[in-house]
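Visitor: Hello! I would like a close look at a single part of this protein, followed by a walk through its surroundings.

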Amino acid sequence: MRFQSALVMLSIARISASALSFARSSAPPGDALVQTVYQFPNNTWAENLAPRANGKVLVTLITKPEVWEIDPATHTAELVYEFPNALSACGIVEYAPNMFAVNVGNWSTTTFAGAVGSWGVWNLDLQAWDKCDGLRGGVDRRVTVSKIAEVPEAIFLNGLTSLPRTPTTLMAADSGAGKIYSLDVNSGLYHTAIADAALKSNASSPFELGVNGINVRPSEPGYIYPVNSLKRPRLVRIPIDPINGGQTRPVEVIVDDVPFETNLYGAADDFALDNSGYAWITSDPTNILWRASLSTGDIKVIAGSTNSPVVAGLTSCRFGSGEADVRAGRLYIVTNGGMADPAAAGVVGGRLISLDTSEL
Ligand SMILES: *[C@@H]1O[C@H](CO)[C@@H](O)[C@H](O)[C@H]1NC(C)=O
Ligand SMILES: *[C@@H]1O[C@H](CO)[C@@H](O)[C@H](O)[C@H]1NC(C)=O
Ligand SMILES: *[C@@H]1O[C@H](CO)[C@@H](O)[C@H](O)[C@H]1NC(C)=O
């Protein structure tokens, strides 16, 4: 008996030693380039982000109804706004200079479900915020806040983007209902623009998480790109009317599936599109940043691995828009620190991470 378990121990040790050397020799190229910009306290799940032209980065939290501004130059964070009567802030987009829209409502990190009746889209106007400096000027920073619309039917308003041709038209992904609403910032009117089967959640999965991140490339205003967290195909593009966002033709599949999905939570949370024709995709809690070619569908792991803390719990990413960011091809990534699957890579506070993709 004892001899047998010693043998078992020996072979386990051998397997993990070889797994380790494999991991070392084939660590994804981004692992060495990842830098922590800021780390929130434990149990803080950062969900989305909007890098600003001034080099700062707005970050939303799903564990609190809050938007923070992080200054990568000083590694400090400042609370911009806490929304009332809600638990979570999710998708955020700058639809006009210094004007941001944010999805706000209730999503539970214990049941992984959204609450119908809690969701709305809010407006944050940061023009006055940027003019006064609370610390030096003795004047409180000011942010002008208003609710653009309530979306009473929404189950989980998650990804948010704006149409390049008509930026005051927002597209909001409902991960629970599996559809995308088109919403006008000025009138607050909204309607379901896309309800394709590709956006629905996977009926055999325990969580309602279909369409998650959504993006439109300014160079291709007639397509919206969604990812689906729990169901194939993972990454598609949908032909749309560039003015109102309505679907015009059938879905085109870019990536049907990925080989490294490790559990029921899925291989795609949110993603960023670059100017060279790639989607950079965060997969939480698979703990991997991967990249897909929009033209061939070829995929490549850029950073992380399931049991690695390097980018653990990565929920979203966006390219920086400050001058230095653009030069470096700097990708900002937010994380929940591993909260969604603590067993995989441990848990730390949610983070803002940078990855200079020009060095890959
Ligand atoms: C955060 O969580 C980690 C892992 O559980 C723990 O080691 C650390 O002490 C915690 N930090 C704080 C400030 O509670
Ligand atoms: C959302 O959460 C807030 C804060 O806990 C609560 O006051 C509100 O009733 C919730 N709304 C719904 C529809 O669950
Ligand atoms: C739905 O989820 C199940 C369980 O994870 C998986 O086996 C199946 O492939 C998924 N279906 C699609 C279409 O992705």
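In which helix is the place of Glu 323?

Guide: Happy to show you. Please keep in mind that this is a predicted model, in which local features need pLDDT of at least 70, side-chain atom pairs count only at pLDDT 80 or more, and totals for chains, interfaces and linings use all residues. Residues are numbered from 1 along each chain as its sequence is written, chains are lettered from A and ligands numbered from 1 in the order in which they are written, and side-chain values use heavy atoms, with hydrogens and water left out.

Glu 323 belongs to helix H4, which covers residues 323–328; helices here are DSSP runs of H or I with at least four residues, strands are runs of E with at least two, and both are numbered from the N terminus. With a relative accessible area of 68%, Glu 323 is exposed. The cut-offs are under 20% for buried, over 50% for exposed, and partly exposed in between, using a 1.4 Å probe and protein chains only. Along the chain, Glu 323 and Gly 55 are 268 residues apart, yet their C-alpha atoms are separated by 7.6 Å.

Stepping back to the whole protein, there are 5 helices and 24 strands. Of its 360 residues, 55% are buried. If we take contacts (heavy atoms within 4.5 Å) between residues at least 6 apart in sequence, 52% of them join residues at least 24 apart. The accessible surface is about 15400 Å², and carbon and sulfur atoms hold 54% of it; such areas come from the Shrake-Rupley method with a 1.4 Å probe, and for residues only the protein chains shown count as cover.

What about cysteines? Cys 90 counts as buried because its relative accessibility is 0%, and Cys 317 is likewise buried, at a relative accessible area of 0%. The structure holds 0 disulfides, a disulfide being a pair of cysteine sulfur atoms within 2.5 Å.

Now for the backbone. Most residues other than glycine have a negative phi, and most peptide bonds are trans. His 75 has a positive phi, near 55°. This residue is found in the loop between strand S4 (66–71) and strand S5 (76–82), and His 75 is partly exposed because its relative accessible area is 45%. Phe 112 also has a positive phi, of about 60°, and lies in the loop between strand S7 (99–105) and strand S8 (120–125). With a relative accessible area of 10%, Phe 112 is buried.

As for cis peptide bonds, one runs from Arg 232 to Pro 233, with omega near -10°. Pro 233 sits in the loop between strand S15 (223–228) and strand S16 (235–239). Another joins Asp 284 and Pro 285, with omega about 0°, and Pro 285 is in the loop between strand S19 (278–283) and strand S20 (288–293).

Around it are Asn 85, Ala 86, Leu 87, Asn 106, Ala 115, Val 116, Gly 117 and Ser 118, where a residue is near a molecule if one of its heavy atoms lies within 4 Å. Taken alone, ligand 2 exposes 360 Å², and the protein buries 48% of that. An oxygen atom of ligand 2 lies 2.4 Å from an N or O atom in the side chain of Asn 106.

Notes:
Polar contact = N/O pair within 3.5 Å; in protein donor to acceptor, adjacent residues only side chain to side chain.
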